[in-house]
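Here are my notes for a first look at this model. Please read them with the structure open.

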Amino acid sequence: MLPVRLAVIPGDGVGPEVTAEVLRVLRVVERRSQVPFDIVEFPWGTDHYLRTGHVAPPDFLEVLRGFDAILLGAMGDPRVPDHIPVGLVLQIRRQFDLYVNLRPIRLVPGVPTPLAHRPTIDILFVRENTEGEYAQSGGRLYTGSKDEIAVHTAVFTARGIERVAVYAFERARRRRRLVTSVSKANALPHTYGLWDEVVKRVASRYPDVTFETVLVDAMAYHMVRQPDRFDVVVASNLFGDILTDLGAALQGGLGLAASANLNPDGPYPAMFEPVHGSAPDIAGRGIANPVGAIWSAALALEYLAHRGRLPGGDRLAEVVVQAITDVLGVGPHTPDLGGSASTSDVGRAITERVTELMGL
Ligand code: ATP
C-alpha cells in the first residue's frame, strides 16, 4: 500500500514544541502500522511571513492537496495581527470544505477539573465549521461617524446543517447513541428554526439513536451541572466554538483539548490541531502541554482508517489515547496541570507507554 502522506505545519509559538512530541509518538506508531508514514514538514507561519511577506507560499493549497492529512501546531504571534497567520487555517478549512469540527472532551483520571463533584465526562462535540455566524457576511456603514451601523448576517443552509447532523448521528451510532442538538430557536427563529427542522428530519432517519434539542443557555448550565448526561453534541459554528472552550475547561484546560477539521467523504486532506493557540506567554520555555496535539494526531489515525488509507488506524488511535490516559493518571504533568515536567518529558512518557502497549 502507498505510504500515508502527512503534511506537518508546526507553525508559531508553542506549535513547534508540541509538534516535536507528536512526531516522536508517530515514529513509534509507524512501527506497528501496516503502511509507512511519509511525513513532510512545512516551516510556514509568522517567521515565514516576516521573511517573505506571506505566511505560506502562494500555492500552499495546491501543495497540501496531495496529502492524506495535515497536522497543524498553532498559528499566531504577537509581532503580527492575528488575522495574518490565522488566515492560513481559515483558508484550509474553507477551501478544503472541512465542514466538521470535531472535539472530544473527556475527563481523564489524574487530571484536575474545576467541578467539585468530578463527574464522568466523555462528550464528542461536532461543530459546524463552514457557515452559521462565521460566514463573513456583513459590513459597516458610515464608519467613524456617530451614525455608524454594523450588520453581520448568519448564513444557515439546509445542506450545511444536514451534512453535519448526519455526521453526528453516524458517530453516535458508534458510541452511546444519544445526540443533543444545540439551538436558540426561541430568540433566533429563522436561522435556528431551520437548524431545528433539518436536524429533526435527520434524527427521524436514526430511530436507534435518542435525540434531544437543548437551548444554548441551558446547555452551558447542564455542561457544568451534569456533563455526564451528554454523548454526541451537534452545534452551529458559534455555539460550538463557545461551548467547546467551556468543555476544555471542564476537562482540565486548553493544553489537553484536541480537534479535527474534516470532510468525511471529501477529496481534500483533513486537518488536525490542538485547540490551544500559540500561547506566546509560555512559548520557548519547553513547558507547553503536548497532550492536545498528540490527541489530535490520534484523531488523524482514526480518520485515516475511516478513509481506508490506514488499515487498523482506529486501533492505533485507541492505543495513543490509552497511553495519554495512563500518563495523565500517574504523571509526569506539565505546569498547567500543576506539575513541573517539560513538554518533552510528557511526550517521552507517552511515547514509552505507546511502545509498551504495542508490545514493541
Ligand atoms: P489564540 O488567539 O491563538 O487562541 P490565545 O493566547 O488567546 O491565542 P492560547 O494561545 O491558546 O490562546 O493560550 C491561552 C492560555 O492557555 C495561555 O495562558 C496559554 O499559556 C495557555 N495554554 C495554551 N496552550 C497551552 C499548552 N499547550 N500548555 C499549557 N498552557 C497552554
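Predicted model: local features only at pLDDT ≥ 70, side-chain atom pairs only at ≥ 80, totals over all residues.

1. A backbone N or O atom of A279 sits 2.7 Å from a ligand oxygen atom. The side chain of D281 places an N or O atom 2.8 Å from an oxygen atom of the ligand. At N289 the backbone takes part: one of its N or O atoms is 2.8 Å from a nitrogen atom of the ligand. On its own, the ligand has 610 Å² of accessible area, and the protein covers 64% of that.

2. Now the helix pair. Two packed helices are described by the angle between their axes and the distance between the axes. Helix α5 spans residues 158-173 and helix α6 spans residues 191-204; their axes come within 9 Å and cross at roughly 45°. The crossing of α5 past α6 is right-handed.

3. Two backbone details deserve a check. Most residues other than glycine have a negative phi, and most peptide bonds are trans. The peptide bond between G331 and P332 is cis, with omega about 0°. P332 belongs to the loop between α10 (313-330) and α11 (343-357).

4. The second detail is D97. D97 is not a glycine, yet its phi is positive, about 50°. Look for D97 in the loop between α4 (83-95) and β4 (100-106).

Key
Residues numbered from 1 in each chain as written. Heavy atoms only, no water. Polar contact = N/O pair within 3.5 Å; in protein donor to acceptor, adjacent residues only side chain to side chain. Areas by Shrake-Rupley, 256 points an atom, 1.4 Å probe, with all protein chains shown as cover. Axes fitted to C-alpha atoms, helices over the stretch in contact; angles between N-to-C directions. Helix = DSSP H or I, 4+ residues; strand = E, 2+ residues; numbered from the N terminus. Left-handed = near helix turned anticlockwise from the far one by under 90°.
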